[in-house]
Amino acid sequence: MSNTDFTLAIEDLTVSFDGFKAVDSLNLYIDKDELRVVIGPNGAGKTTVLDLICGKTKSTSGSIKFKNKELTKLAEHEIVHAGVGRKFQTPSIYENLSVYDNLEVSFPRGRNVFGSLTFKCDEEVDSRIKEVAKDIFLEDFLEMESALLSHGQKQWLEIGMLLIQEPELLMLDEPVAGMSVKERELTAELLKRICKGRSVLVIEHDMDFVAKIAHKVTVLHQGKILAEGDMQTVQNDPNVIEVYLGH
Amino acid sequence: MKFVYDRLLGGKNGAIGIAILAALIIIVLPLVLDLFRLNLVGKYLTYAFAAVSLVLLWGYGGILSLGQGVFFGLGGYCMAMFLKLEASDPEATKIQSTPGIPDFMDWNQITELPWFWEPFNSFGFTVAAVLIIPTIFAYIIGYSMFKRRVGGVYFAIITQIIALILTVLIVGQQGYTGGINGITDLKTLHGWDIRDDSSKYILYFINAFLLFGVIFLSRYILTSKFGRLLLAMRDKEDRVRFSGYDVSNFKIFVFCIAAMISAIGGAMFTLQVGFMSPSFVGIVPSIEMVIFAAVGGRMSLIGVVYGTLLVNFGKTIFSETFPELWLYLMGALFIGVVMYFPNGLAGIWEKHGNKLVSCVKNMKCASAIKSMIKTKRLAKAEASSE
């Protein structure tokens, strides 16, 4: 496969679990500054695609190139070091640590054993933590134990833990699940803000939210791409209507 | 100075805890107990090394090792090998068919000192071996387990099996290891008799200072980012991995450190007790160490020392009166603590301590209210009488 201008270029990606192809020769290209939303019915393979990109699942065949670097052969932490951040479907934060510590632990310095033993939370780290906390609307909750945050705030915190690493590709699995209307609005605003200078890949079910944020929408169905384009085109696509309403 | 206060002592509460424990171990116990009892305490305190290592490994790291006895034993055996060689000089062993080798080798028809015993003629090598051999062994186990993402119950079972294997190996190779009896009749260290009264006192204090050194080292590790990562890994391992950390390296490191700490305890055990045998290596001692940590509070470096002392005193008292019941009691204690007091003695103290403080405050409040009511009543009574 040749080099491309895309931040992320997925070609012929296939993964099969005991013969069942969860993702079937998928091609997906994402530009810089682009916010892409992947939608699709349950079992379409959306989360599996994220798992493949971040290395949680190994692909059967095909290639994933991030800034023309092949990711399929890298270990999980190497993929993160390359600049890929991923938020899980259920908010995955360290509940027994404070909000501040959650962000500090995620700060991309002192990432090996001896680095972490000698890591100092200096001025730079501190100001970066506060900056990110402000971005994710948690600047007043820094000292709170993160287990006590609301579900929506936990989602934000996990996004913040990724932002502090300044990834060039940010992948969010259902970022507004369990959020109130107000929180959804704030999140939409947050996502619009953070997709500048990087690529963002979002999986979401909430169509109103998708319409609000998406530059481009990809519809997955049974591991394959069913439709791709702006929200309007996708919503009027007869195949998409069939998949969503046909059963 | 601030670094010492915050990172090693653990702030105000930590410093007070350390001070109380230090006063107990270094001042009170040596003054109150006779030498026999004090030596016993010294022996218990060597187990506390293993309990402290379990705070790092199990309490913070969430990695339950049922094989700390392996590292305790390796440290102890390294020290015992040196002392045994010194005790087996040709003069003292001249009645043997091969003088100059340890007596148990002679009994097993071994006529030459095995190659791996040779380096233990040097005390410098022995001290290094106490620290390094268990650590290398832990690295090999840790590397092969954690790189394959073996964890949880599987890891616990595998460490337990390793403890069993090592015991079987030591017992089986009695010509090289002293077998089931272990390595006994240890006498001197560079000519210094470790059995007389003054050396028992000295060894007790060396042991106590080493224990505090290990607690400070552990505190330093736990208050660094490494410590927070351990907690984070225990909670959400995948999140740590996908935040750019190679989780297995962190686990291997903490496993190695825990092994080294346990080994120091083992070496001090040999010095104070005067022998080393497979009964301090296997499954039972390994599980007992976990119980010490659980009873003391597996999140508390200070708590586990109390836990170790308490359980061992209990063991000494109960096993003298009801020898056959002790094991059941120990099992029940473990289950009870894990179910009802997951943070052990340290947890109870924290809860109870707070209650005590608030209780005192409440009593003051209540008496103030009572006296207020009293004065009002008096005033009323006076008013009505008038």
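This is a predicted model: local features need pLDDT of at least 70, side-chain atom pairs count only at pLDDT 80 or more; totals for chains, interfaces and linings use all residues.
Among contacts in chain B between residues at least 6 apart in sequence, what percentage join residues at least 24 apart? The figure is 78%. Good morning, colleagues.

First, the overall layout of chain B. The chain contains 16 helices and two strands. Along the principal axes, its C-alpha atoms occupy a box of roughly 110 × 55 × 50 Å. Of the 386 residues in chain B, 43% are buried. The domain assignment divides chain B into domain 1, covering 2-342, and domain 2, covering 348-386. Between the C-alpha centres of domain 1 of chain B and domain 2 of chain B there are 52 Å.

Let me now turn to the nonpolar core. The largest one has 170 residues, and the members that touch the most other members are A48(B), A51(B), V52(B) and A293(B). Helix α12(B) gives this core its largest share, namely 19 residues. As a general remark, nonpolar side chains in soluble globular proteins tend to be buried together.

What does A51(B) touch, if residues up to four places away in sequence are not counted? The list comprises M289(B), F292(B), A293(B), G296(B), V304(B), V305(B), G307(B) and T308(B). Among the residues on that list, M289(B), F292(B), A293(B) and G296(B) are buried residues of α13(B).

That brings us to helix α13 of chain B, residues 283-296. This helix has 14 residues and spans 20 Å from its first C-alpha to its last, close to the 20 Å expected at 1.5 Å a residue. Eleven of the 14 residues are buried, and α13(B) is accordingly described as mostly covered. Just after α13(B), the backbone at G297(B) adopts a positive phi of about 115 degrees.

G42(B) is placed in helix α3, which runs over residues 35-60 of chain B. Is G42(B) buried or exposed? G42(B) counts as buried because it has 25 C-beta neighbours inside 10 Å, and the cut-off for burial is 20 or more. Leaving aside residues up to four places away in sequence, G42(B) touches L203(B), Y204(B), N207(B) and Q272(B). The C-alpha atom of G42(B) is also separated by 8.8 Å from that of V273(B), although the two residues are 231 residues apart along the chain.

I come next to the contact between the two chains. Here 21 residues of chain B are in contact with 24 residues of chain A. On the side of chain B that touches chain A, α10 (225-235), α11 (237-241) and α12 (247-273) each supply at least two residues. The largest share of that side, seven residues, belongs to α10(B). Sorted by class, the side of chain B that touches chain A holds nine nonpolar, four polar and eight charged residues.

Now to chain A, and to strand β8, residues 199-203. Strand β8(A) is largely enclosed by the rest of the structure, because five of its five residues are buried. In a regular strand the side chains alternate between the two faces of the sheet. In β8(A), S199(A), L201(A) and I203(A) point one way, while V200(A) and V202(A) point the other way.

Which strands are joined to β8(A) by bridges? Strand β3 (residues 35-39) of chain A runs parallel to β8(A) and is joined to it by four bridges. One such pairing places V37(A) as the bridge partner of V202(A). Strand β7 (residues 169-173) of chain A is also parallel to β8(A), with five bridges between them. On that side, L169(A) stands opposite S199(A).

Finally, two loop residues in chain A. D18(A) is not a glycine, yet it has a positive phi of about 50 degrees. D18(A) lies in the loop between β1 (8-17) and β2 (20-30) of chain A. With 4 other C-beta atoms within 10 Å, D18(A) is exposed. Q222(A), likewise a residue other than glycine, has a positive phi near 50 degrees. Q222(A) sits in the loop between β9 (216-221) and β10 (224-229) of chain A. There are 15 other C-beta atoms within 10 Å of Q222(A), so this residue is partly exposed.

Thank you for your attention.

Key. Residues are numbered from 1 along each chain as its sequence is written. Chains are lettered from A and ligands numbered from 1 in the order in which they are written. Domain bounds come from an automatic or database domain assignment. The expected span of a helix is 1.5 Å times one less than its number of residues. A residue is buried if 20 or more other C-beta atoms lie within 10 Å of its own, exposed if 12 or fewer, and partly exposed in between; C-beta atoms are placed from the backbone. Two residues are in contact if their C-beta atoms, placed from the backbone, lie within 7 Å. Ala, Val, Leu, Ile, Met, Phe, Trp, Tyr, Cys and Pro count as nonpolar, Asp, Glu, Lys and Arg as charged, and the others, Gly among them, as polar. A nonpolar core is a set of buried Ala, Val, Leu, Ile, Met, Phe, Trp, Tyr and Cys residues joined through C-beta atoms within 7 Å. Two strands pair if DSSP finds at least two bridges between them.
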